[in-house]
Protein chains: 2
Amino acid sequence: MKLDKNLKICIVGLGLIGGSYAQALSDEGYEVGAVAKRRQTIDFALEKGWIAHGVTDVTAQYISKFDIVVFALYPHIFVEWIEKYQSCLKSGAVITDVTGVKGCVVYKIQEMLRDDVEFIAAHPMAGREKSGIEYASKEIFRQANYIVTPTAKNTATAVEICESLGETLGFKTVSRLSPEEHDEMIGFLSQLTHCIAVSLMTCRDTDGFEKYTGDSFRDLTRIANINDVMWSELFLLNKDELLKQMELFEAAFSKLKKAIETGDKDKMRSIMKLSTEHRKRFDKEGN
Amino acid sequence: MKLDKNLKICIVGLGLIGGSYAQALSDEGYEVGAVAKRRQTIDFALEKGWIAHGVTDVTAQYISKFDIVVFALYPHIFVEWIEKYQSCLKSGAVITDVTGVKGCVVYKIQEMLRDDVEFIAAHPMAGREKSGIEYASKEIFRQANYIVTPTAKNTATAVEICESLGETLGFKTVSRLSPEEHDEMIGFLSQLTHCIAVSLMTCRDTDGFEKYTGDSFRDLTRIANINDVMWSELFLLNKDELLKQMELFEAAFSKLKKAIETGDKDKMRSIMKLSTEHRKRFDKEGN
């Protein structure tokens with residue numbers, strides 16, 4: 001179900017994700033406003049037709065226009081924003097976010113928020129190895145998943161609005177997880193994979209190896225090109241869960257290493273067979 | 001430089017790689033023969049026009065026709081073949097292979113081989129997650145690297161023939177490494193990456209995760225779909241080098257884990273910056 005066309009939507013933070021939200025929503029005919037740090041970001045979005053208007057300073061006059069406010073900021077800046085400016089929000093507004101970790105953000109924001117405004121968290125699982133509005137594109141949502149993470153504090157209406165937002169943005173799937181389920185899943189599927197890629201890319205001198213590199217090494221290190229500010233923050237916000245996932249991986253890696261060390265071919269083959277069998281479930285268009 | 005058109009080439013073993021060699025060479029106008037275990041493999045290749053003729057039994061009458069013999073077999077079968085049938089080879093023939101590890105194969109074969117036949121080893125760094133001639137295609141060589149690994153026993157002529165073979169097959173680059181350099185490089189770029197992918201894919205229950213999976217997890221586990229017979233053999237044949245590379249990776253992974261555990265954001269960021277910088281050298285068409 002798509003969002004009601006009369007809802008006015010504000011995007012706070014026009015980076016890669018915020019910019020892509022603005023584009024997708026404006027293209028669908030919504031009135032989209034924005035708050036960005038720099039005037040040139042606003043101008044870029046205006047020129048592209050991704051926003052109807054935008055500001056660099058937060059004022060109650062501007063923010064109180066909006067029925068939905070999407071925070072596309074680094075987690076700690078999101079928390080600071082709410083502390084400082086939540087008085088500017090319209091009574092009855094629904095606010096949501098794009099943060100890649102949930103447990104440590106959702107309860108905190110819900111706790112500190114005014115009673116007449118509701119925060120329903122969401123994670124658009126889309127991105128690129130580049131940041132900034134100049135790389136924004138609604139196309140990144142097409143093959144991607146959008147996860148809503150409601151808590152006991154959320155109303156059915158807000159959850160519905162948030163899910164409709166995901167559908168309006170054009171995500172392939174919209175689903176629902178608890179903040180804890182989300183963080184476990186993301187700790188494994190996304191954060192652990194980034195830890196692996198970064199470790200592989202930094203574990204030795206690779207000078208001159210580029211001319212012998214095949215697709216497998218390139219595939220495993222694509223995400224080793226990483227936004228260090230954002231990911232170091234996300235890792236620490238999901239520290240306990242991420243460490244658990246890292247330990248599971250270390251144990252499996254040790255087990256395989258032991259089998260190689262001892263020349264236990266049967267063990268190696270049984271691990272590889274399990275791997276092949278598990279991977280089948282993740283096949284998509286033959287890769 | 002392409003191979004002399006009059007050379008007759010035999011492919012022993014018509015799997016994914018052997019079949020692709022046969023196709024590439026026949027398309028270039030060479031007379032290509034083959035030895036395969038099963039008649040239907042020969043028939044398939046004949047029907048496709050990838051070979052001019054082929055046999056399922058090795059005879060001196062057939063094998064002695066060929067100037068170049070390419071062994072596209074599992075390493076231990078290659079060694080057995082030479083033991084059993086080397087008397088069938090034409091005097092002056094140049095033999096080569098496609099084996100993914102070198103140190104443990106090259107010296108052994110050169111040691112046991114007749115004096116009037118020369119073995120020059122090569123590694124076509126191409127493949128797929130599928131095996132068998134039905135998946136063969138010369139297209140897999142187009143973006144791939146071909147590495148020749150000569151030893152002190154090799155003549156300049158044989159090295160040249162082997163390099164010309166790589167060029168004739170259509171590889172993007174043809175280069176030269178010692179067997180030891182090759183095995184270190186392959187231990188890192190290819191075998192370690194497969195160990196990582198397999199460990200990631202088997203380290204925990206992932207039931208239901210497929211609907212939340214983004215590209216990063218898919219990229220990291222594409223090669224977790226693995227031929228257990230071939231890779232367990234290759235791992236053991238390069239055991240010492242692979243274990244060294246696994247240890248380097250484990251050390252880097254532990255270092256990052258420690259930084260996360262202790263909340264050392266500066267350390268995390270410096271590792272990530274190094275990772276991003278290293279990855280740049282491996283960029284190819286924007287990925």
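Contact here means heavy atoms within 4.5 Å. Helices are DSSP runs of H or I with at least four residues, numbered from the N terminus.

This is a predicted model, in which local features need pLDDT of at least 70 and side-chain atom pairs count only at pLDDT 80 or more, while totals for chains, interfaces and linings use all residues. Residues are numbered from 1 along each chain as its sequence is written, chains are lettered from A and ligands numbered from 1 in the order in which they are written, and side-chain values use heavy atoms, with hydrogens and water left out.

**Stop 1: between the chains**

On the chain A side, pick A:I271, A:L274, A:S275, A:H278 and A:R279; they meet B:V198, B:M201 and B:T202 of helix 7 of chain B. This contact has 4 nonpolar, 3 polar and 1 charged residues. Ala, Val, Leu, Ile, Met, Phe, Trp, Tyr, Cys and Pro count as nonpolar, Asp, Glu, Lys and Arg as charged, and the others, Gly among them, as polar.

**Stop 2: within chain A**

Next, select helix 5 (residues 103-112) and helix 7 (residues 179-202) of chain A, whose axes come within 9 Å and cross at roughly 155°. Helix 5 and helix 7 of chain A are therefore roughly antiparallel, the term for angles over 145 degrees. A:G103, A:C104 and A:Y107 of helix 5 touch A:P179, A:E180 and A:D183 of helix 7. By class, there are 3 nonpolar, 1 polar and 2 charged residues in this contact.

**Stop 3: one serine**

Go to A:S20 in helix 1 (residues 16-27) of chain A. Is A:S20 buried or exposed? At 0% relative accessibility, A:S20 counts as buried (under 20% relative accessible area, with a 1.4 Å probe and protein chains only). A polar atom of its side chain lies 2.6 Å from the backbone oxygen of A:L16. Beyond four places in sequence, A:S20 has contacts including A:G15, A:A136 and A:F141.

**Stop 4: within chain B**

Finally, select helix 1 (residues 16-27) and helix 6 (residues 156-169) of chain B, with axes that come within 9 Å and cross at roughly 85°. B:Y21, B:A24 and B:L25 of helix 1 are in contact with B:L165, B:T168 and B:L169 of helix 6. These residues divide into 5 nonpolar, 1 polar and no charged.

Technical notes:
Helix = DSSP H or I, 4+ residues; strand = E, 2+ residues; numbered from the N terminus. Axes fitted to C-alpha atoms, helices over the stretch in contact; angles between N-to-C directions. Parallel < 35°, antiparallel > 145°, perpendicular 65-115°, else oblique. Buried < 20%, exposed > 50% of the residue type's maximum accessible area, 1.4 Å probe, protein only. Polar contact = N/O pair within 3.5 Å; in protein donor to acceptor, adjacent residues only side chain to side chain.
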